[in-house]
Amino acid sequence: MIELTEMVRELRDQLNSALTGAGPGPVRFELGPVEIEATVAIDRTGGAAGKVNFWVVEATTDASVSSSRTHRVTLTLQPTLVAPDGTRHHVLISGDEVDGER
């Protein structure tokens, strides 16, 4: 399992990679809302003042995860390119198809 924050961080890194790796071709795609659906297990530690972690459950779960309570969450993210001066711009991405992509 990985933390939900790590999954979102990895998605952001891959979108940034697609943005910076744009080829010389004229065709680009405007990035719209990104929807993520994941099954998460919730882990609370330390009582009332403790921390709550959301762990993304992998497709091949082990016995310890299957016995815990899981929840399905859907996140809709709107990626925005913010310039150093604070202005916001539309995000255009490009990239090569990866095996297994739909």
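Contact here means heavy atoms within 4.5 Å. Among contacts in the protein between residues at least 6 apart in sequence, 68% join residues at least 24 apart. The model is a predicted one, in which local features need pLDDT of at least 70 and side-chain atom pairs count only at pLDDT 80 or more, while totals for chains, interfaces and linings use all residues. Residues are numbered from 1 along each chain as its sequence is written, and side-chain values use heavy atoms, with hydrogens and water left out.

To start with the overall layout, the protein has 2 helices and 8 strands; helices (H or I, at least four residues) and strands (E, at least two) are DSSP runs, numbered from the N terminus. Along the sequence these elements follow the pattern β-α-β-β-β-α-β-β-β-β. The protein has 102 residues, and 17% of them count as buried. On this scale, buried means under 20% relative accessible area, exposed means over 50%, and partly exposed is in between (1.4 Å probe, protein chains only). Accessible areas come from the Shrake-Rupley method with a 1.4 Å probe, and for residues only the protein chains shown count as cover.

Next comes the sheet. It is open, has 4 strands in the order β1-β4-β3-β5, and is paired in the antiparallel sense. Its edge strands are β1 (2–3) and β5 (70–77), each pairing on one side only. Two strands pair if DSSP finds at least two bridges between them. Strand β3 (residues 34–45) runs antiparallel to β4 and is joined to it by 6 bridges, whereas β1 and β4 pair over 2 bridges. Looking across to β4, V40 stands opposite V56, and I2 also stands opposite V56. D43, in turn, faces N53 in β4.

What makes up the largest nonpolar core? It has 11 residues in all: L4, M7, A18, L31, V34, I36, A38, V40, V56, V91 and I93. A nonpolar core is a set of buried Ala, Val, Leu, Ile, Met, Phe, Trp, Tyr and Cys residues joined through side-chain atoms within 4.5 Å. Two or more residues come from each of α1 (4–20) and β3, and the largest share, 4 residues, is from β3. In soluble globular proteins, nonpolar side chains tend to be buried together. One of the core residues is I36; leaving aside neighbours within four places in sequence, I36 is in contact with M7, L11, V73, T74, L75 and L77.

I42, V52 and F54 make a nonpolar surface patch of about 240 Å². Patches are made of residues with over 30% relative accessible area and no salt bridge, with like charges joined within 9 Å and nonpolar side chains (Val, Leu, Ile, Met, Phe, Trp, Tyr) within 5 Å. V52 belongs to strand β4 (residues 51–56) and counts as partly exposed, because its relative accessibility is 38%.

The structure also holds 2 salt bridges, each defined as a side-chain nitrogen of Lys or Arg within 4 Å of a carboxyl oxygen of Asp or Glu. One joins the side chains of E6 and R9 (2.6 Å, N to O). These two are separated by about one helical turn because they are 3 residues apart in helix α1. E6 is partly exposed at 35% relative accessibility, and R9 is partly exposed at 37%. In the other bridge, the side chains of R72 and E37 meet (3.2 Å, N to O). This pair links distant parts of the chain, with R72 in strand β5 and E37 in strand β3, 35 residues apart. Both R72 and E37 are exposed.

P33 lies in the loop between β2 (29–30) and β3, and is exposed, with a relative accessible area of 58%. The C-alpha atoms of P33 and Q78 are separated by 4.6 Å, although the residues are 45 apart along the chain. Neighbours within four places in sequence aside, P33 is in contact with T76, L77 and Q78. T80 is found in the loop between β5 and β6 (81–82) and is partly exposed, with a relative accessible area of 36%. Not counting residues up to four places away in sequence, T80 touches R88, H89 and V91.
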